[in-house]
Amino acid sequence: MKIASALGIEPVVASLLYNRGYRTPEEAGAFLRMERELLCDPFLLDGMEDAVARIRRAVENREKITVYGDYDVDGVTAVCTLCLYLASQGAEVDYYIPNRSGEGYGVSRAAVQALAERGTTLIVTVDTGVTAVDEIAYAASLSVDVVVTDHHECLPELPPAAAVLNPHRTDGHYPFCDLAGVGVVFKLICAYEETVSGDSRYDCVMRICDRYADLVAIGTIADVMPIRSENRLIVSYGLGLLESRPRLGFSALCEAVAATRTEPGGRKKKTKITSGFIGYTIAPRLNAAGRIRSASLAADLFLTDDPARAAELAEELCEANRERQIEENRIMEEAYARIESEHDFAHDPVIVLAADGWHHGVIGIVSSRITDRYGLPSILISFEGCDPEAHSDADLGKGSGRSIKGMNLVDALFYAQDTLVKFGGHELAAGLSVTRGNLPAFQEKINEYARAHLSDEARIPTVEADCELSLSDVTMSLAEELRFLEPYGVENPVPAFVLRDVRVLEAVPVGGGKHTRLLLGDERHALTAMCFSISTAELNIFPGDNVDVLFNLDINEWAGRRNLQLIVRDIRLPEKIARRAEEDRALYESIRGGASFSAEDDLLPCRDDFAAVYTFIRRSVRGGNDLLTHRAILLGVSDYPGKIGYVKLKFMIRIFQELNLLGIEEPEEEVYRFRLQFSGTRTDLEKSNILRRLRSQMKQA
């Protein structure tokens, strides 16, 4: 392949680049070197001159400036970035982040009034404010100016602020609309630096990147922004800073995480700083502050220059995250149970659930899990804090929702706005407030919108693979070269590969049974594959199975060793085996219904067949495993010289139950729980009516 030979890279990596639209060696090389990712002129953001002028006047006149942020990671990193920069310019600056539980999302009149009373004359919002029309008008009545920096969807009417910076402005001209909230702040301080320093734009941008790109990268990754254009350049630079010159607070949090991940001998595991590590390990702990306690914990972590204080805050964030996980699991179990018993899947494309006792700091995560599980938009609403003994139609619930490609959640909420108190967000994630009395109307209205706009195809969750590999393609060299494509994220996802018809050599429960480790391969190649958050029983895959695997390729570094590891995204029996299973099920039902069969079909069980199956089940139960799937039993007797297939085993299990040879429950289809029955006499199989009926259905030669 031309790309592989021209750039000296693995053919698989060259194929990935080609499939992602880089069709020539020049285009692929430019992507790898990030030559075409440019930082746009910050003054292309409408309102930038006014924003810089108003902030500069406040700095020069020693006005009190308050940075007003949001409680998620994007908001916290935006608060810290702007506070640190303005402080370096000599500004009198502090920050305010509303409490999720007491105030909820966005700018509030009460907060504006409190800030005015303590002397603030300029509020700069970060990651919020673009829909706060009334609240900002109220600030003006108190002689408080507001500069809005935000990246959420705009309403038709912009707030009456001194300046509104938002790449989504309908009257805007900025060429890249997918900046995070902290990304908009980054553009603001680049413009401010260029204005006050008189240096070249390039020098100013590099100086700002060198000081703050780490915070911008964390917020951009955590807010799941597309990793392309400006974001890709900033995130790449920021990850480099986090690896080479980490901020005190970040180092402390990494230390706290590492304390729970020690190697044998007590050595701490070193983790490479990637977008995945930020998104899945660091961001949840930072987010936990605003969800469970106060977002100021996360902000103070990045603002402190005291190592002892940083360590204390990092440990508190880890503890808050543990609390969040417990609460999340509690809500999730309750939500799943209600969905299965209450939701009308045929009529309502959007899952809407409300409860009094749900922690509203956690419902957004649960909503995301629900959407992933069911492939449908979901909205969870908490009336936490309302009197459970005296419900009122005026009770205010706070909601959080997640959507799927094909339904813009903000557009859907705009359609239902007459039923809501307020709302805001992005295409795939949004927040809202609704009264208890309007909840039924809201549920009907948003489902009305979904029925009109959400196609049946969009409701089918899919994961696209980049390419199909053979076992010999999966090498350490490939895994190392895949890192050339980083940083990963939305619109530059971690490459997903497929292995087809590969043999399962081992299936072992790990992590206390929460996860499963597989060994896949043949006599020449063996690969470790991790199935996270799925037990061995739930996986229903066994040694001896051949499977198709969708996976990401990773390098596991532990105890000084580096090993290839497949991170399983999906696993299933090959299509030919699944099709055969369907045919077997149809044949069983046909014979059960009275159809005849021939002796050559070998479906009539003999005494040796019964003995082989009974021996395997008895050994499993005595070994502590009384829950077996149909396929597990078939694989367990695969070495038996006779032929025991699906249909024969089905009838044998029914006969065991009929003759009380085994206690058998079937909690799920083709999943059996066995109980040994003890009898002092030998069982006569000829007493089985099922066996006699099968004999009568077999055609005589």
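Me: Where does threonine 419 lie?
Reply: Happy to start there. In this predicted model, threonine 419 sits in the loop between helix H16 (409-415) and strand E9 (422-425).

Me: Why is threonine 419 called buried?
Reply: The cut-off for buried is under 20% relative accessible area. Threonine 419 has 5% relative accessibility, so it counts as buried.

Me: Which residues is threonine 419 in contact with, leaving aside its neighbours within four places in sequence?
Reply: Those are Val434, Asn438, Ala441 and Phe442. Contact here requires heavy atoms within 4.5 Å.

Me: Now to the strands. How do you know that E1 and E2 pair?
Reply: Pairing takes at least two bridges. Strand E1 (residues 64-68) and strand E2 (residues 92-96) are joined by five bridges and run parallel, so they pair. Within E2, aspartate 94 is the bridge partner of threonine 66. From E1 the chain crosses through helix H5 (residues 73-88) to E2, a right-handed β-α-β crossover.

Me: What is the order of the strands in the open sheet of five?
Reply: The order is E2-E1-E3-E4-E5, with parallel pairing.

Me: Why do E2 and E5 stand at the edges?
Reply: E2 and strand E5 (163-165) each have a single partner strand, so one side of each is left without a neighbour in the sheet. On average, neighbouring strands of this sheet are turned by 20° against each other, direction ignored.

Me: What joins E3 to E4, and which helix lies across them?
Reply: Five bridges join strand E3 (residues 120-126) to strand E4 (residues 145-149), and the two run parallel. Isoleucine 123 stands opposite valine 146 in E4. Helix H8 (residues 181-197) lies across E3, E4 and E5, at about 115° to E4.

Me: Which strands does E15 pair with in antiparallel fashion?
Reply: Strand E15 (residues 546-558) is joined to strand E12 (residues 497-510) by five bridges, with valine 498 opposite leucine 550. Eleven bridges join E15 to strand E16 (residues 561-572), where arginine 572 stands opposite aspartate 548.

Notes:
Residues numbered from 1 in each chain as written. Predicted model: local features only at pLDDT ≥ 70, side-chain atom pairs only at ≥ 80, totals over all residues. Heavy atoms only, no water. Helix = DSSP H or I, 4+ residues; strand = E, 2+ residues; numbered from the N terminus. Right-handed = clockwise from strand over helix to strand, strands pointing away. Buried < 20%, exposed > 50% of the residue type's maximum accessible area, 1.4 Å probe, protein only. Axes fitted to C-alpha atoms, helices over the stretch in contact; angles between N-to-C directions.
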